[in-house]
Amino acid sequence: MNIPRARVRNFCIIAHIDHGKSTLADRLLETTETLTKKQMREQVLDALDLERERGITIKAHAITMYYLADDGEVYQINLIDTPGHVDFSYEVSRSLAACEGALLLVDASQGIEAQTLSNLYMALDHDLSILTALNKIDLPNARVDEVRGELRDLLGQKEEEILLTSAKEGIGIREILETVVREVPPPRGREDAPLRALIFDSAFDLYRGVLAYVRVVDGALRRGESVRLLSTGKQYEVLEVGHFQLRLVAQDALHAGDVGYVIAGIKEVADAKVGDTVAHVGTEVAPLPGYKPMKPMVYSGLFPVDADDYLRLKEALGKLQLNDAALVYEPETSLALGFGFRAGFLGPLHLEIVAERLRREYDIDLIATTPNVPYLVLREDGTKEEIDSPAELPRSSEMEAIQEPFVVAMVITPTDHVGNVMKLCQDKRGEFQEMHYLDTSRARLTYRMPLAELIYDFYDRLKSTSRGYATLDYEFYDYVDSKLVKLDVLLNGDPVDALSIIVHEEKAYERGRELVDRLRELIPRQMFKIAIQAAVGSRVIARSTLSAVRKDVLAKCYGGDVTRKRKLLERQREGKRKMKQIGTVQIPQEAFLAILKSGE
Amino acid sequence: MPAGLYVHVPFCKRRCGYCDFYVETGKEALFDRTVDAILREAAREAGAWAGSCFDSLFVGGGTPSLLGRRRLGRLLDGLRDRLPLLSDAEITIEANPESTDADLLAGLRAAGMNRLSLGVQSFADPELRLLDRLHDAARVRKVVEMARAAGVPQLSLDLIYGIPGTGAGAAWRQTLDEAIALVPDHLSCYLLSLEERTPMGRRAARGELHLPGDAAARAFYDSARQRLEQAGYEHYEISNWSRPGRVCRHNVNVWRGGVYLGLGPGAHGYDGTVRRANLPDLIGYLSGIEGGGIPPREEERIDERRRFEERLLLGLRLREGVAWREIKGRFGEEAAEALRRAAAPWVDRGFLACDEERLRIEKEGWFVSNRLVGELITGAESSGACRARP
């Protein structure tokens, strides 16, 4: 179907987790008959099981709909779905860059949340026209008037411009489509200019290689043409272009303003970098603004529980990476955990999702070590080095300074809990920036905070201190000088490398105590007493002693019956198989899991 | 090498609350048939053991004394008729005080019994009641007197420590003192361990009984070692003490990895290659034997690796430990080296002693011997000893 550019609309939906974005997308597809009810699985755009289960979108997706509007014309509406989590905010920003409009969807019972705001600010940054809709108005606890008030104050919108919907009940869906047609401008862009297309996502197809999801900004992209990617300079021949309509629908060309896919024999998603610009070979064009390579902000060691699974883990990571350019990993060897990988992630959720997929889809028993952030070490000779593992931290005598990443964290909380939230933020080394009342009952707090603190139990504590009401969003701020030390855990003097962490000087005692106490609970008593110590350098800051086992079964065994003795031995052997040996001390695998988990 | 002969008599007047062994109660009507069946089993096995000679016979249970003078006499005579029992064999019969009297003792002496193993458990009457024993301390003293009078050459007492109760420490001292005062040749001291399927185990699980903690149990064990040593007893096996030269020959044979024939329901045997156990099933046993066949039983072939395990599992229970020469000879230089490597950290920590001749358990190791030997075996195996098994 050939639709003139004046009747093309590119838009996305931005919403906080659980505010109903995916359900609304489903209804839009249904209403535009992009797919029949029969084809309709709930929340089609969330392709992965895990996404479906968690109700969040991990990767962005896009789909083209044809809509017969009230004015009698057919419009091509490209809906670009965006991931709903801060870990993927760069991907969100690139998706937004592919649109002219954004529908801000707010749960009428919950009101504005932290992610709503951060995504909204990002959309405003991209000069998108903003439509607003309240979702779930059918719920008995919907606060339509109040939330409309919040939006009015926030955006200066008239209340009657705010759409009222219930995606679940199918209320107000056509009104949304009509408003998109009416309010979102058609794509700009010069058809006659040299080609520039923005890659805003990519996926890997086993048979066709990488599918780059693009928004053509200028010019046109046709099958058979030679293109290059500006960030890498690599050249490819375009094998196919087309639109997404659940299936890929090949087209002769993608024109300025179009959203679609390109297949060009790109081998790895890492080569189709999100934010990169596609251009014709032989043309000189400026790259589209905003490109930055994705950089891991959270690292974790991934180790198979069963050493025999090492190769399977390696293969599984390779397969995941095919579809996830943000995932990086390299081999790591741990005294305690054996052979594994140190992997980098966009954020804690990204880590959790990858670990979960390895466990679930690849059936690998996995230990993920306490996540840490990348640090910048300034050496005395003036060199700067990024380290992503506590093991790499040089001795303090060799360092001039260490810097750690700070984020700007935004928390929206009912005013009742402001005191608790502020206390928590301070506890987490947060620096207060500002407080703003959204209305009389809700406030927005802004803090600068070390990312390391944020990924260590901040979210759980935020939820519990606010009875689940506070919401969080954050963005990278900068690397900041920090008094950081490496905290080691020693068992009878032998360091347990997997448990080393980098912490702020002031937190070292607390974290050390915590680790020592936890280990004391988790390590079974052994034949000799075990000194469990937490140390910074050579200074022991916390210690605990696990007394020795003092007896085992010395009951009578009669008449040359050796089977009981052997059963004991078998049990011991079985237990030992799951033990990791640190010096002379045996630590059960579960102890590692429990400790490392507590840090997630 | 001489072999041992073990006969299991699974009968008890009643089951004690802590007992987890195979016993039958209320089966008095089957006593004669059981003795007959054991003798038939002995005759059946005679061929296979024709080349051996038995230098020990141990009639254990259960409560063998419950069979009474006539049946036990018939059993001993019958076994001697059917199997090559040496004339100077050690012949032990386990007995409980309440079912032992002068008449029985005289009869047993006449039948050749030369070692009486008495199930005393405690000299504190409240403890005996708690354990569901049918005798009191006074009865024990009387029976010991009768045994002396009957000229029983060797007397062994079984004792239990770690019995729940507030005065457990004092009771154990009393038990040790009174036991020593009776001048037995041999003492076995076992730690009470309660399996959950026993009545006392269930009471403990419900919190009605409180077993002493690890430290207390360890203290009881240490006090036994100390007191018995002072009284002139040698701690020759983890739970066994004897006057010099009065070790239990039968059990030492088992611990040294020797062969033994087991007869009776629930009895275990080992011929050097196969471990065999009659199932704990009296009726199955009787009908099997009486039908002219074999009783229900399980067998297990002991391969190289198992033999290595068992050699350590059993041999290290003895104070003498295991000899390097034997380990090398039986399992090879490599296995001996692996064992030596695995032992080294434990030697350094005072759990094991190792010299040119032997490897044995030391001070610290005795009370955690199961675990220690387990560590040693798994350590030696991962270091390359006897890995032949798939």
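In the predicted model, B:E208 is partly exposed at 44% relative accessibility, where buried denotes under 20% relative accessible area, exposed over 50% and partly exposed the range in between (1.4 Å probe, protein chains only). The salt-bridge partner of B:E208 is B:R206, with 2.7 Å between the closest N and O atoms; a salt bridge is defined as a side-chain nitrogen of Lys or Arg within 4 Å of a carboxyl oxygen of Asp or Glu. B:R206 itself is exposed, with a relative accessibility of 54%. The model is predicted, local features requiring pLDDT of at least 70 and side-chain atom pairs pLDDT 80 or more, whereas totals for chains, interfaces and linings use all residues. Residues are numbered from 1 along each chain as its sequence is written, chains are lettered from A and ligands numbered from 1 in the order in which they are written, and side-chain values use heavy atoms, with hydrogens and water left out.

A second salt bridge in chain B joins the side chains of B:E364 and B:R218 at an N to O distance of 3.8 Å. B:E364 is located in the loop between β17 (358-361) and α14 (369-382) of chain B, and B:R218 in helix α8 (residues 214-230) of chain B, so the pair ties together parts 146 residues apart in sequence. Helices (H or I, at least four residues) and strands (E, at least two) are DSSP runs numbered from the N terminus. B:E364 is partly exposed at 36% relative accessibility, whereas B:R218 is buried, its relative accessible area being 15%. Salt bridges with shared partners also connect A:R566, A:E570, B:R275, B:E300, B:R305, B:R306, B:E309, B:E310 and B:E381 into one network. In chain A, A:E356 and A:R360 form a salt bridge with their closest N and O atoms 3.1 Å apart. Both residues belong to helix α8 (residues 348-360) of chain A, where four residues, about one turn of the helix, separate them. A:R360 is partly exposed, with a relative accessible area of 41%. Over all chains, the count of salt bridges is 71.

Chain A contains an open sheet of eight strands in the order β11-β10-β16-β7-β8-β15-β12-β13, with antiparallel pairing; two strands are taken to pair if DSSP finds at least two bridges between them. The edges are formed by β11 (235-237) and β13 (247-251) of chain A, each with a single partner strand, so one side of each is left without a neighbour in the sheet. On average, neighbouring strands of this sheet are turned by 40° against each other, direction ignored. Within chain A, strand β12 (residues 240-245) and strand β15 (residues 259-263) run antiparallel and are joined by three bridges. A:V262 in β15(A) is the bridge partner of A:V241.

The largest nonpolar core comprises 162 residues, of which A:F592 and B:L79 touch the most other members. Such a core is a set of buried Ala, Val, Leu, Ile, Met, Phe, Trp, Tyr and Cys residues joined through side-chain atoms within 4.5 Å. Helix α1 (residues 31-46) of chain B contributes the largest share of this core, seven residues. Another core, of 47 residues, lies apart from it and includes A:L317, A:A343, A:L366 and A:V407.

B:R276 is placed in strand β13 (residues 274-278) of chain B and is buried, with a relative accessible area of 18%. The C-alpha atoms of B:R276 and B:L159 are separated by 29 Å, the two residues being 117 residues apart along the chain.

Definitions and conventions
Axes fitted to C-alpha atoms, helices over the stretch in contact; angles between N-to-C directions.
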